[in-house]
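Subject: Structure handover

Dear colleague,

Here is the structure I said I would pass on. My notes on it follow below.

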Amino acid sequence: MQMETGAEMQTGRELTLEESFEVLEELISRLEAEDITLEESFQVYREGMEILKDCNGRIDRVEKKVLKMNEDGQTDEF
């Protein structure tokens, strides 16, 4: 079961990698803010780590599907 991030709950769909990266940038900005509380920073950090974990999993799945050309000019899954 995959945990939905705050951004996914708002949109009702899975974010693209590009959208996930934008959310991560926003979370980093929130963490860099001087007025963030310690409790909020832990929550923001946890949300960012969940998004990062999801992005890494999706990138790994795509990499495994990338095709490479063998010596005979045929393509095989990577």
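Which residues are linked in a network of salt bridges? They are Glu14, Asp54 and Arg58, where a salt bridge is a side-chain nitrogen of Lys or Arg within 4 Å of a carboxyl oxygen of Asp or Glu.

Before the details, some ground rules. This is a predicted model, in which local features need pLDDT of at least 70 and side-chain atom pairs count only at pLDDT 80 or more, while totals for chains, interfaces and linings use all residues. Residues are numbered from 1 along each chain as its sequence is written, and side-chain values use heavy atoms, with hydrogens and water left out.

Overall picture

The protein chain has three helices and two strands, in the order α-α-α-β-β from the N terminus. Helices (H or I, at least four residues) and strands (E, at least two) are DSSP runs, numbered from the N terminus. The mean pLDDT (the predictor's confidence in each residue, from 0 to 100) is 83 for the chain, and 72% of its residues reach 70 or more. Confidence is lowest in helix α1 (residues 6-11), with a mean of 52, and highest in helix α2 (residues 17-32), at 96.

Of the 78 residues in the chain, 21% are buried; buried means under 20% relative accessible area, exposed over 50%, and partly exposed in between (1.4 Å probe, protein chains only). The chain exposes about 6600 Å², with carbon and sulfur atoms supplying 52% of it. Accessible areas come from the Shrake-Rupley method with a 1.4 Å probe, and for residues only the protein chains shown count as cover.

Salt bridges

A search of the whole structure finds four salt bridges. In one of them, glutamate 14 meets arginine 58 at 3.4 Å, N to O. This pair links distant parts of the chain, 44 residues apart: glutamate 14 is in the loop between α1 and α2, and arginine 58 is in helix α3. Arginine 58 counts as buried because its relative accessible area is 12%, whereas glutamate 14, at 43%, is partly exposed.

Arginine 30 and glutamate 40 also meet in a salt bridge (3.4 Å, N to O). Here the link runs from helix α2 to helix α3, between residues ten apart. Glutamate 19 pairs with arginine 13, their closest N and O atoms being 2.7 Å apart.

Core and surface

The largest nonpolar core has eight residues: Leu15, Val23, Leu24, Leu27, Ile36, Val44, Ile51 and Cys55. Helices α2 and α3 are the elements that give two or more residues to this core. Such a core is a set of buried Ala, Val, Leu, Ile, Met, Phe, Trp, Tyr and Cys residues joined through side-chain atoms within 4.5 Å. Leucine 24 touches Gly48, Ile51 and Leu52, not counting residues up to four places away in sequence; contact means heavy atoms within 4.5 Å.

Leu52 is also part of a nonpolar surface patch of about 350 Å², made with Leu31, Tyr45 and Met49. Patches are made of residues with over 30% relative accessible area and no salt bridge, like charges being joined within 9 Å and nonpolar side chains (Val, Leu, Ile, Met, Phe, Trp, Tyr) within 5 Å. Helix α3 (residues 38-65) gives the most to the patch, with three residues. Leucine 52 is partly exposed, at 35% relative accessibility.

Regards
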